[in-house]
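Dear colleague,

Please find the structure below, handed over for your records. My findings follow it.

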Amino acid sequence: MARYLDVHPVDPQPRAIGQAVALIRDGGLVAYPTDSGYALGCALGNQDGKERIVRIRHLDDKHHFTLVCADFAQLGQLVHIDNRVFRAVKAATPGPYTFILPATKEVPRRLLHPKKKTVGVRIPDNRVVQALLAELGEPILSSTLILPGEQAPMTEGWLVKEELDLQVDAVIDAGECGTEPTTVIDYSDGAPVVARVGAGDPTPFE
């Protein structure tokens, strides 16, 4: 059964955050709230965690996993980003956007898109996520928690616990969170392409 961690949305309790991070470091898979619905997350090097996400979401090998980052400095170590793209991405973060960009050598090859060698990156505007990232000290390998056959992410912690109790190691509940998935901006070919319209305004990238 998944551990259920009830966390304050603005001032997350360090003990609960520490428990979640200990599970992540120990190879666990955690469901956590973001500014755009729930996400599934594990440590960057956790191959089993990645495979568990694939099984829960029924993903194919073309799916872009997302590296959830604490800040722009961390994001910049994971993807190649020129000045023009830098300005556009910086203006939209933190916020409900995922950016698909060419990965640096810091990113394990198995996390990259098999043909494009790209990866998704994002900086959420959410206190709980920021607390997790600060305690962990590295990005979280993540995917929006959209169940097979659904269009929108899960948004209620108790429902996540009920639905995925035997498939994740912990559920962090911080009350209401965003109800739309991120807006995905694909920079694979240099120019921005709006791959998915979600919570973030796509207008600056159109």
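Predicted model: local features only at pLDDT ≥ 70, side-chain atom pairs only at ≥ 80, totals over all residues.

Residues are numbered from 1 along each chain as its sequence is written, and side-chain values use heavy atoms, with hydrogens and water left out.

The protein chain has six helices and ten strands (DSSP runs: H or I of at least four residues for helices, E of at least two for strands). Its radius of gyration, taken over C-alpha atoms, is 16 Å, close to the 17 Å from the globule rule for 206 residues, so the chain is as compact as a globular protein of that length. That rule is 2.2 Å times the number of residues to the power 0.38. The C-alpha trace spans about 45 × 35 × 30 Å along its principal axes.

Of the 206 residues, 54% are buried, meaning under 20% relative accessible area with a 1.4 Å probe, protein chains only.

The structure holds four aromatic pairs (rings of Phe, Tyr and Trp, the last by its six-membered ring, with centres within 6.5 Å). One of them joins tyrosine 97 and phenylalanine 99, which are stacked (planes under 30 degrees apart), at 5.9 Å centre to centre and 15° between the planes. Both tyrosine 97 and phenylalanine 99 are buried. Together with Phe205, Tyr97 and Phe99 form one aromatic cluster.

Yours sincerely

Note on methods
Buried < 20%, exposed > 50% of the residue type's maximum accessible area, 1.4 Å probe, protein only. Phe/Tyr/Trp six-rings, centres within 6.5 Å; stacked < 30°, edge-to-face > 60°.
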